[in-house]
Amino acid sequence: MGRPLFYEIVEKPATSCIIGICSAIWFYTSCMIGICSAIWFYIQKRNFGYSHVGLSYENAIEGHHWRIITSAFSHISVIHLVFNMSALWSLGVVEQLGHIGLGVAYYLHHTLVLVVLSGALVLGMYHLLIQRFKIEYFRSVTAVGYSCVVFGWMTILSVKQPSSKLDLFGFLSLPISFAPFESLIFTSIIVPQASFLGHLSGIVVGYAIAWGLIHGMNNYWAISMLGWIVLVFVVSLKRSGAYDFDFLEIESVTDPSLPSVRFLGSGRTLQTSSLPVEGVEIV
């Protein structure tokens, strides 16, 4: 008989929290979609769905940089959610490998890196394909899902602990050393909507972390990075018009291309640099 679930949750606290967040976001999104389906005028007014949280090249160049975060934690269906969370649960063994330099802190620090860099890399690939190869399909395709991070952790574990196995749904087991590319090919074949570039970006960032090309992450840098993510998230939400923060006002100062961020009531101003749906891909 297997160990009680409670002990598994205690040993994988970070993984359990991330699974809870992804599940809660998917449940909230599903409820909103259900309400929209039942109330026609609400659909017309809000039309809430994956297109409102997913990541696309079009949205990114319009300033919706916050979608790098929301797209990672959102899922298009319960099957999509279950598949990603099942793989993530198995990969949570990283939290138990503190003796080889991994562990909970390593897991949290590099999950943050994987979310941001894999999303940025996807946009970079889209830009190259659109601008250099003139493939306009990638301009409007929308990607959602946590698979970028899942593939990243598959890759890291395949390098750090090649003897491990990836368990899916409790009965399917894959050698972790081959899991990244096996899963990349498998999902691309059986799931036409699967984002090959999204999964590949997770693998690329995963190897960069595992081989030490991205290193030096500690609590200081993780907290600093998180702070900048929150700032960019809030400012891009405000500037894109996706959400109106009453306490925040953005106005141009000195250079018209550089916006300033003013917190109403405090008198403080911060100047930051400015960056210049037809399909959906599951990641």
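I began at Ile 135, which is found in the loop between α7 (104-131) and α8 (137-140); helices here are DSSP runs of H or I with at least four residues, strands are runs of E with at least two, and both are numbered from the N terminus. I noted that this is a predicted model, in which local features need pLDDT of at least 70 and side-chain atom pairs count only at pLDDT 80 or more, while totals for chains, interfaces and linings use all residues. Residues are numbered from 1 along each chain as its sequence is written, and side-chain values use heavy atoms, with hydrogens and water left out.

I then looked up the exposure of Ile 135, which counts as partly exposed at 33% relative accessibility, given that buried means under 20% relative accessible area, exposed over 50%, and partly exposed in between (1.4 Å probe, protein chains only).

Next I looked at Glu 136, whose side chain meets that of Arg 139 in a salt bridge (2.7 Å, N to O). The rule asks for a side-chain nitrogen of Lys or Arg within 4 Å of a carboxyl oxygen of Asp or Glu, and the count comes to 1 salt bridge. Glu 136 is partly exposed at 43% relative accessibility, and Arg 139 is partly exposed at 23%.

I checked the cysteines as well, and the structure holds 0 disulfides, a disulfide being a pair of cysteine sulfur atoms within 2.5 Å. Cys 22 is buried at 0% relative accessible area, and Cys 148 is buried at 9%.

From the UniProt record (an unreviewed entry) I took the feature "transmembrane region", whose places include residues 64-87 and 137-156; such annotations may be inferred rather than shown by experiment. Residues 64-87 are 71% helix and 0% strand, with end C-alpha atoms 29 Å apart, whereas residues 137-156 are 70% helix and 20% strand, with end C-alpha atoms 31 Å apart.

Last, I looked up helix α6 (residues 78-91), where buried residues include His 80, Asn 84 and Leu 91. For the protein, I recorded 12 helices and 7 strands, and 43% of its 283 residues count as buried.
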